[in-house]
Amino acid sequence: MYSWSKRILWVDLSRGEFREWRYPGEMAKMFLGGRGFAAKILWDHLKPGTDPLSPDNLFVVAVGALTALPGPNTGKVVVAAKSPLTGGYGDGNIGSWASIHLRAAGWDAVVIKGALEKPGVLVIEDDKARIDSAEDLWGLDAFTTHDKLTERYGKNAGFLIIGPAGENLVRYATVVAQKGRSGGRPGMGAVMGSKKLKAIVVKGTKRPELFDPDKYMKFAREAIRETKSSPNYDFWMRQGTMMTIEWSQNASVLPTYNFREGVFDDYERIGGNYMEKIKVEVRSCPYCVMSCGHTIKDSEGQKSELDYENVAMLGSNIGIGRLEDVGVLNRLADMLGLDTISLGNTLGYALEAAERGKLELDARWGEFRKIRKLIEDIAYRRGVGNLLAEGVKRVSEKVGETWYAMHVKGLEISAYDCHAAPGMALAYATSPIGAHHKDAWVISWEVQHGRFNYDRPKVQKVIEQQRIRGGFFESAVACRFPWIELGLSLDHYVRMFNAATGLSYTLDDFFTVADRIYALIRMIWIREMDGWSIEMDMPPERWFKEPLTKGPLKGAKLDKDKFIEMLKMYYEERGWASNGVPKPETLKKLGLDDAVPLAEKYAAEK
Ligand code: PTT
């Protein structure tokens, strides 16, 4: 078996210990890497019931067999832990030089336990690791920290950093990799903060050993050529994900005023076409062949790298209709290390609760200056910001009105309204980290194939996408954009993977791996929640209760009975019991025998 280094670095911050673990090859075959490794490690080594912000939580950084190889968009790394936002499994996928350097240092993953007494930086240089002081960096924003780390460790290094939000344990604090790249939505930055870990710096000088390097390079060149010759390539290079603003408006799914509506009057002023006119540069992750980081000068004269999710959540969802102002909030979120999606949801909820007279708040829809201040208050946990730092689920429980709190399992909804999209609602409901679009983005397929259906083909489409996106791309660890945005055939990935590793996997083999990872993550949730019920997989009440009042789909809302039927179909297709717990026979088939006793305890049909 090639490509994997078969080494994992275990770090115990409390004891100052660094240990190499040569893991069994079977683990690579069964879980691939990235999310697969994170799930396996958390299942095997995380004590059930661990407080996510305690030293006992495990913070996992993991790459995969395709990461950092020449090929389309391989500069990605997964960060994972038990989430302080949801209490379940959490992860994120970040474009970062840390992915390249981790592979070059010869580690497939780093597992970090314990906590430092004083702020520190974990420095990994090839085989060696150490802790450097970060007392002078604590309190600095992520961009300034990035500059200081570059001065200290040189340009030729990868960084994973937290901003003040991570330090102050904001439950949706992210990890920042470079200016404009940030991830780990379910509070991965807060987990680093709880360990007093300001940053991880990685420097590597080796190369992964490949089974057939010549063949691999031939396949990689062909994949790059095909990606760049896609008919959508030019438009993508002009607008990237920002083109989705206009698409979402046309499809009535643009989150507006806390997902009350799916259309926004000022959408053109925050859209891809407008962005194109004021764009100043394009940035990308390392090893990217189709850059998505479109950057504008924001209304404070600083550069802000925009993405659809960020703009919708900090624009239409909170009533801000000026892209340059949205850019300021987006940049601020990156500097402070706050997830833009959870932030936009929490702000949206707070603004709505204030409008309903349920929360005292010195800001209203669209009040840019006041909202800007509120974001800083959240990161530093000042005043009402201290409450909002807890995320929408906890805020709504405190306020006492939960039906318009937009989350699933505690993770806030990504930027697609589902009043008229039951398939996308199912994707949010069954995503393994809470409401994120990363695992299944069925909405564009759904809009084309009958958005009001609640049928089996839709359920199967959600599962197919979860297998490819949430299974394959999250564990091979590469960016999914060449495939989903530019139509690069998955066959390219299969042959690149086999030439790199020496295995002979088919697409079906990857799907089995994906099903295994999904089942194991579900078992982690069940273990943490001490059971499961269908309510835990339900989307927010708003979509069932209150119809859209504007746009071509005025009057649309989800049908609860039909949705529950569809959710049960989903469980059936996956071989899970009708309460959402994987059946013992399903686990056995996937080689997860050690999870069977827990499934037997809870899988009883209820
Ligand atoms: C992802 C989520 C997304 S999904 C976006 S925009 W997107 C938001 N980005 C944020 C950000 O930026 N700053 C910030 N402070 N918070 C943010 N929260 C939101 O986080 C770059 C691209 C994008 S842009 C997407 S879809 C794809 N995501 C991939 C994925 O998840 N897996 C994968 N194998 N390939 C992917 N390729 C694409 O990468 P999370 P990124 Mg982010 C600034 O990380 O936690 O997974 O949440 O990672 O490197 O910025 O993604 O329209």
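1. How many salt bridges does the count come to by the rule used here? The rule asks for a side-chain nitrogen of Lys or Arg within 4 Å of a carboxyl oxygen of Asp or Glu, and the count comes to 54. This is a predicted model, in which local features need pLDDT of at least 70 and side-chain atom pairs count only at pLDDT 80 or more, while totals for chains, interfaces and linings use all residues. Residues are numbered from 1 along each chain as its sequence is written, and side-chain values use heavy atoms, with hydrogens and water left out.

2. Asp147 and Lys179 form a salt bridge with an N to O distance of 2.8 Å. The pair links distant parts of the chain, 32 residues apart, with Asp147 in helix H4 (residues 142-153) and Lys179 in the loop between strand E10 (175-178) and E11; helices (H or I, at least four residues) and strands (E, at least two) are DSSP runs, numbered from the N terminus. Asp147 is partly exposed at 37% relative accessible area, and Lys179 is partly exposed at 29%, where buried means under 20%, exposed over 50% and partly exposed in between (1.4 Å probe, protein chains only).

3. A salt bridge also joins Glu324 to Arg269, at 3.0 Å from N to O. Here, too, distant parts of the chain are linked, since Glu324 belongs to helix H12 (residues 323-336) and Arg269 to the loop between helix H9 (244-250) and helix H10 (272-278), 55 residues apart. Glu324 is buried, with a relative accessible area of 10%, whereas Arg269 is partly exposed at 28%.

4. In the salt bridge between Arg322 and Asp325, the closest N and O atoms are 3.0 Å apart. Arg322 is partly exposed at 35% relative accessibility, while Asp325 is buried at 10%. A network of salt bridges links Arg260, Glu352, Glu355, Arg356, Arg542 and Glu546.

5. The magnesium atom of the ligand has a single donor from the protein, the O atom of Ser182, 2.7 Å away, and Ser182 is found in strand E11 (residues 181-183). Donors are N, O and S atoms within 2.8 Å of the metal (3.2 Å for Na, K and Ca), and water is not among the atoms, so sites may look incomplete.
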